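Have the sequence and the model open side by side.

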Amino acid sequence: MSDRISSNLISDTKKLSKKEKRNAAWRWSFIGSNNVNYGTLQGTGYAWSMARTLRKVYPNDDDYVKAMEVEYEYFNITPYMGPLVVGADVALQEQQGTDSLEAVRSIKTSLMGPLSGIGDSLLWVLLPTIMGSISGYMALDGNPLGAIAWILINMLLIWMRIKLFDIGYESGVRLITDMADSLTAVTEAASVMGLTVVGSLIATVVKVYTPLEFTFGEVSLSLQEGIFNQILPAILAVALTSFVYWLMEKKKWGFLKVIFLIIFISLVGSYFGILGVAP
C-alpha cells in the first residue's frame with residue numbers, strides 16, 4: 001500500500017492549485033451550514049463545498065460519484081471549524097483518490113464532535129457574547145467604533161476559516177506522506193472515536209421518558225427511575241435509536257417516514273400516559 005501511495009505522490013497527476021484547493025473552503029464558508037436538512041444536517045452543504053474541487057481530482061465520472069456519495073453523508077459541525085475537516089478531506093483524496101474514502105469517512109465522523117465542542121463554546125457562544133456586548137454598547141453610545149469592531153471581528157473569522165483549511169490540508173498531507181504505513185491504524189482509531197462520539201450523542205441528545213409507575217400497596221416504583229435508570233440510564237434512547245436504525249437500514253425507510261412515525265408514537269404514548277416529559 002505504501003508503494004502505491006509513493007507512486008501516486010511521484011506521478012503527481014492529481015495535484016490541485018492553491019486556488020482549486022481553497023475553493024472548497026470558500027464554498028463551505030458561504031453555504032456549508034445554510035442547507036440543513038433532517039436527513040444529513042449539513043451533508044448537502046458539505047458535498048456542495050467539495051463538488052468543484054473533487055471534480056478536478058476525479059475526471060472519471062464513476063470515481064466522482066463514488067466520492068460524492070461519501071460527502072453527502074451525515075455531517076454536523078460548528079461552521080467556523082468546518083474548514084479544518086474540509087482541508088484534511090481534500091488532501092487525502094488528492095493524494096490517494098478513492099482509496100482514501102474510508103479514511104475520509106472516519107475522519108469526518110471522528111472530528112465533527114470534538115471540534116464542535118471547541119467551536120460552540122469559544123466561537124459560537126463566548127466570542128459573540130463578549131465582543132457583541134462591547135460593540136453593541138459602543139454603538140448605543142453613538143460610537144462608530146462599535147460597528148467597525150464587529151465588522152473587523154467577522155473579517156478575522158473569515159480569515160481564520162481559510163487558515164484552518166490550510167492547517168487541515170497540511171495535516172492530511174502529512175498523514176499520507178509521513179504516516180503512510182500507519183494509515184490503517186489511524187483510520188481504525190478515527191472510526192472508534194467516531195463511533196464513541198455518535199454513541200455519546202444517543203445518551204445526551206435523544207430523550208425518551210416514561211412516567212409509568214408500579215404501585216404495591218402504599219409503595220410506588222417508577223419504571224424510569226427505579227428500573228430503567230438502574231440498568232442503563234439511556235436504555236430507552238438506545239432502544240429508540242436501534243429501532244430507527246433498523247427501519248432505515250433494513251427496511252429502507254426514508255427519514256420523513258421515520259419522523260412522522262416518531263411523532264405519531266409520541267402523541268399516542270403521551271395520550272395514554274406511556275410517554276412524557278422528564279421532570
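Buried here means under 20% relative accessible area and exposed means over 50%, with partly exposed in between (1.4 Å probe, protein chains only). Helices (H or I, at least four residues) and strands (E, at least two) are DSSP runs, numbered from the N terminus. This is a predicted model, so local features need pLDDT of at least 70, side-chain atom pairs count only at pLDDT 80 or more, and totals for chains, interfaces and linings use all residues. Residues are numbered from 1 along each chain as its sequence is written, and side-chain values use heavy atoms, leaving out hydrogens and water.

First, the overall picture. The protein has 11 helices and 2 strands, running α-α-α-α-α-α-α-α-β-β-α-α-α along the sequence. Of its 279 residues, 34% are buried.

Now for helix 4, which spans residues 61–71. Which of its residues are buried? They are Tyr64, Ala67, Met68, Val70 and Glu71. These residues sit on the same side of helix 4 because they cover an arc of only 150 degrees around the axis, the arc being that of the directions from the helix axis to the C-beta atoms. An α-helix has 3.6 residues a turn, so residues three or four places apart point the same way. On the face turned away from the buried side, helix 4 carries the exposed residues Asp62 and Glu69. At the start of helix 4, a side-chain oxygen of Asn60 comes within 3.0 Å of the backbone nitrogen of Asp62, a polar contact (a pair of N or O atoms within 3.5 Å; within protein, one must be able to donate a hydrogen and the other to accept it, and residues adjacent in sequence count only if both atoms are side-chain atoms).

The buried residues of helix 4 pack against these partners, where contact means heavy atoms within 4.5 Å:

| Partner | Residues |
|---|---|
| helix 3 | 43–57 |
| helix 5 | 82–96 |
| helix 6 | 101–140 |

Next, the core. A nonpolar core is a set of buried Ala, Val, Leu, Ile, Met, Phe, Trp, Tyr and Cys residues joined through side-chain atoms within 4.5 Å. The largest one has 36 residues, and Ile77, Val86 and Val90 have the most contacts inside it. Helices 2, 3, 4, 5, 6 and 7 each give two or more residues to this core. Not counting residues up to four places away in sequence, Val86 touches Ala24, Ala25, Trp28, Tyr46, Met50 and Phe165.

Last stop: Thr40, in the loop between helix 2 and helix 3. Thr40 is buried, with a relative accessible area of 18%.
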